[in-house]
Amino acid sequence: MFYREVGQYKTNYSADMSVMPLLQDRVGIGIILFIAVVIIPSFGNAFFIQAIMIPFLVFSLAAIGLNLLTGYTGLLSLGTGAFMGVGAYACYKLTTYFPGVNILIWIVASGFFSAAVGVVFGLPSLRIKGFYLAVATLAAQFFLSWCFIRQPWFYNYNASGAIEVPTRTLFGIPITGATASDTARYYVVLGVVVAMTWLASNLVHGRIGRMWMAVRDMDLAAELIGIRLLRTKLLAFAVSSFYCGVAGALLVFQWYGSAEPAVFDVNLSFFILFMVIIGGLGSLTGSYLGAALIFILPIVLRYIPPHLGIPIRPATVDHIQYMIIGALIVLFLIVEPNGLARLWQIGKQKLRVWPFPY
Amino acid sequence: MRLHRVLLGTAIAAATLLAVPLTASAADGIYVPLLSYRTGPFAGSGAPIVNGMSDYLNMLNERDGGIGGVKIIVEECETGYDTKKGLECYEQVKAKNPVVLNPYSTGITLPLIPKAAIDKIPILSMAYGLSASADGTTFPWIFNPPATYWDGASMFIRYAGGKEGGLERLKGKKIGLVYLDAPYGKEPIPLLEALAKDYGFELKLYPVPAAEMQNQSSQWLNIRRDRPDWIYLQGFGAMNPTAIKEAAKINYPMDHLIGNWWAGNDDDARPAGDGAKGYLSLDFNQVGTNYKVIQDILKYVVDKGKSQTPKDRVGENLYNRGVLNSIIIAEGIRNAQKVSGKKQITGEDMRRGLETLNINEARLKEIGADGFAAPMKVACDDHNGHNAAYMAKWDGTKWVKGSDWIEPLKSKVRPLIESAAKDYAGANAGWPKRTEPCDKSS
Amino acid sequence: MHLIYQIFVDPFVQMGSAPDLLVQTLWEGLVAGVLYSLIALGFVLIFKASGVFNFAQGIMVVFAALTLVGFYEHGVPAYLALALTIAVMFGLAFAVERLMLRPLVNQPDIILFMATFGLTYFLIGFGELVFGGDPKVMIASQLGLPKGAVEFKMAGGFVSLQKIDIAAAIIASVMVAALAVFFQKTRVGRALRAVADSHKAALSVGISLEYIWVIVWFAAGLVALATGIMWGARSEVSFALEIIALKALPVLILGGFTSIPGAIIGGVIIGVGEKIGEFYWGPLLGSGIETWLAYVIALVFLLFRPQGLFGERIIERI
């Protein structure tokens, strides 16, 4: 009843081809943005912003990056953690060499370094396909992890091997380092993530996105109709690594505050891959939903027993949480193999014909 | 199929509705959170430590009704040695006004160091964490008694030198360092490099990547090729038993293999069985149940079923380490109550209490820990004390005393710590200068 | 110039000057390779028969080892504990087939791959809940596995072969031979290969998918148990073992995802290559190159022969 396009006439071609033709969709996005920008910082406590919202946004950005590569182009990649690490370390080196420049510029610039590395490790994708390509990206993951630990140039030769985030300001307000407030950091992360999601949305709805999807569906046929495979695949690697690099820089600079090489190991790659698969391959909404499920749900599960007053030991809660997450993953895949994004789509379709069943 | 989806939908909705984070529960008492790891690849080392820590504090609650009449609220937060979960635990416990923080992982301590001064919660990283934080002028909120990793490495060199007939006799010898390839493992390297220059020995490094902890044959093949005279093991968790087994396999003389204090778990030496006889590990607490504190813990906590520790694990090396950590916490709280005059202390009071820490022989006897550990004293500029440790020897089934108390080479260690602290403050622009006043310790 | 000497000449000089170390390195590589291939064998079995890449193989290894040691610690004699563990692995195979594989018939491979991730998480939580997180000592001697080493002098030095490693090599070869015979010669083996080609076709011919999957997951469980015993005897039984499962991937690439002899040969090549590379060329690059050397070897191999040594050729049609 509420979700119909009745009465919304388009009077020119560009309006007809817009990404969100329904007014209700645009209002929905507006409400979400309003909640994110106004409601959450005003009413959320420090734990919610610092330990739930900021990491959720960072992981969503990384999930978008991996989704562009695996979901839209069909190239399975297990090197996400390493590309995030490249972004983080690049940002660190840039800001220690040029401390005067605004940190936001360096966070975005570090994405380009990550993109360059991604292109190098994406070169095998021309010969290797499918699951074997995942192994090639694993080589990237382990090699880069090794670099971060064993090549002291990356962490400026300091004794502990870990990098610390220096305090940087924006318009006089500190946004990195220990003195930065939760709200300031939250706004920075939110701004970057919203801008980059908008960029990704335009990419996948345009010519480049269609090229990627053609390569995913059948790359031999795509080549026959004139899509240059080399450029398309390398572009996918580059853009995906750009997103992962920026996400990595945000992870270290806005969330952790410091980093050791173990942060960007293969477990992080698998973590982001889970988010993408559960959320839905080939869907930006799915990246957010997947990040919410894989990251926020365990935290929620961990706090239910104390909340309800059930006396269980924290270690036992941890074990049960793993079991529940594992079982939920399998359950989700049985119920909807195409991920949460498909469930969301089905929900919208049902909403369109509501209150009728079909 | 439809029922599936309806059920799933309600499950998700219920889970998201319950996503209301925990509000701070302000209970009456001194809140001491313990960041522990009973899961994950380092659980073997983590579980006995947290057992010892919580048992001692619970014993104080049971036997004395708390400290100064105020009960101690002990709560564990499971981190699995994962920095992500550690930061989340920190955010969660911050709201409940903890008086001190024990992260028990160098990886988690490092990001928390800058936050300690802002959030006014002192961090007690007993003999781990950042070695440079022994400099109290740069790090007023971080404490790491009784000894740093640099002290430990210097004690190892002093012991090796002693066995060779004098530190000068180390000239030309080969000293090997087998370490976990992580910030924790790399800690002793700057000191060992400095001592190598001073005493003329050759330092060989053998890193063990964390993913290869149980697959160390390459490193020990290298050791077989190089034949170092002495080996220092800076390992943790599953790395230690594998290292000791590999050393036994290549017939390396066990009495020349020395582990640091975190490589002295019973579970580290036991898998190698008789092959590990003679293995030495640095230790600053004694082993066994022959001390009044341990007996009290058995009486008031373990026997009454208020503990997670199996009875035969009480008195193990790492269990007693945890007890010692809690002794330091308790003494810090007592000092804080004395210095501030309040019973219900805050983080700032605890900082002053830890800074005036002075556990001397008499005090050790009073709390029933006579001989349990060496006396330790902390000062305003020296948050460590650089106290002595001894060598524990594995006799095939348990740890026994393997040497007398060994002092660290303070003259070598202290200048390095101060320069490292200066480097840290310099690398982090805007590091605050110390403004906290210095109390005179009693 | 010095760099070229270091890369191309010096390692061989070292090899020649200390032949006992060379032999020892080769042996260590062989042993490591055999152990990797045991893990890879479990992957191959399941992939061959159900097309699923079982990421949970690593945790199954840990789980099997923990179950065995857990039974023993509760007072069950060693061989009875072994029999009970085999029964538990059968039960696990049955449960996995019933609850996870049956609802996901004919889904794309990546979904099944993801489902095994879910299984991994579940088994990690369940294993830690039941057995605790403490590391345990494998009951090697109680199972009759030999202890000690065989040493022999050679060229000025000595080479020491651990008896348990020799036992591991023998057991692995026997397992590979038995499985190869099973797949080629028996009716059930043929049915397994049919299921690997196409689920739908196998169903239409009358092969019971459920029965086949339970058998193959049980076989993988047995391989996991053998792997767990061998690895556990070498170091200790803890959840850190699960990380080593990733090492099996380069082995699978080299040997082919569907070939059982390929798993052993690929394993040996990777193991030996890794150890020799780390020992002689490692110090040049900063040591610790073991973590990625295997993958780079596999990657180079992939560029020339995408299906591995013994795998089936991938034919793409439009």
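Reader: Does C:Lys147 count as buried or exposed, and why?
Author: This is a predicted model, in which local features need pLDDT of at least 70, side-chain atom pairs count only at pLDDT 80 or more, and totals for chains, interfaces and linings use all residues. Residues are numbered from 1 along each chain as its sequence is written, while chains are lettered from A and ligands numbered from 1 in the order in which they are written. A residue is buried if 20 or more other C-beta atoms, placed from the backbone, lie within 10 Å of its own, exposed if 12 or fewer, and partly exposed in between. C:Lys147 has 12 C-beta neighbours inside 10 Å, so C:Lys147 counts as exposed.

Reader: Where is C:Lys147 found, and which residues does C:Lys147 touch, not counting residues up to four places away in sequence?
Author: Helices (H or I, at least four residues) and strands (E, at least two) are DSSP runs, numbered from the N terminus. C:Lys147 sits in the loop between α5 (109–131) and β1 of chain C. Contact means C-beta atoms, placed from the backbone, within 7 Å. Leaving out residues up to four places away in sequence, C:Lys147 touches C:Ser141, C:Lys163 and C:Ile164.

Reader: How far apart in space are C:Lys147 and C:Ala233, C-alpha to C-alpha?
Author: In sequence, 86 residues separate C:Lys147 and C:Ala233. In space, C-alpha to C-alpha, the separation is 9.6 Å.

Reader: In β2(C), which residue stands opposite C:Lys153?
Author: Strand β1 (residues 149–154) of chain C is hardly covered, with 0 buried residues among its 6. Two strands pair if DSSP finds at least two bridges between them. Here 6 bridges join β1(C) to β2 (residues 157–162) of chain C, and the two run antiparallel. Opposite C:Lys153 stands C:Phe158.

Reader: What is the bridge partner of B:Ile30 in β2(B)?
Author: Strand β1 (residues 30–36) of chain B is mostly covered, with 6 of its 7 residues buried. β1(B) and β2(B) run parallel, joined by 7 bridges. The partner of B:Ile30 is B:Ile72.

Reader: Which elements do the buried residues of α13(B) pack against?
Author: Helix α13 (residues 347–355) of chain B has 7 of its 9 residues buried, so this helix is largely enclosed by the rest of the structure. Among the buried ones are B:Arg351, B:Arg352 and B:Glu355. They pack against β3 (123–124), β4 (142–143) and α12 of chain B.

Reader: Which helix supplies the largest share of the side of domain 1 of chain B that touches domain 2 of chain B?
Author: An automatic or database domain assignment sets the bounds: domain 1 (30–148 + 287–387 + 418–427) and domain 2 (149–286 + 391–412). Their centres, taken over C-alpha atoms, are 26 Å apart. The contact uses 25 residues of domain 1 of chain B and 26 residues of domain 2 of chain B. On the domain 1 side, the largest share, 5 residues, comes from α12(B).

Reader: How many nonpolar, polar and charged residues does the side of chain B that touches chain A have?
Author: 39 residues of chain B contact 38 residues of chain A. The largest share of the chain B side, 6 residues, comes from α4(B). Ala, Val, Leu, Ile, Met, Phe, Trp, Tyr, Cys and Pro count as nonpolar, Asp, Glu, Lys and Arg as charged, and the others, Gly among them, as polar. The chain B side has 21 nonpolar, 8 polar and 10 charged residues.

Reader: And how do the residues of the side of chain A that touches chain C divide?
Author: That contact takes 33 residues from chain A and 38 residues from chain C. α13(A) gives the largest share of the chain A side, 13 residues. By class, the chain A side divides into 27 nonpolar, 4 polar and 2 charged.

Reader: Which residues of the largest nonpolar core touch the most other members?
Author: A nonpolar core is a set of buried Ala, Val, Leu, Ile, Met, Phe, Trp, Tyr and Cys residues joined through C-beta atoms within 7 Å. The largest one has 370 residues. Those touching the most other members are A:Val58, A:Leu61, A:Leu250 and C:Val216.

Key. Two residues are in contact if their C-beta atoms, placed from the backbone, lie within 7 Å.
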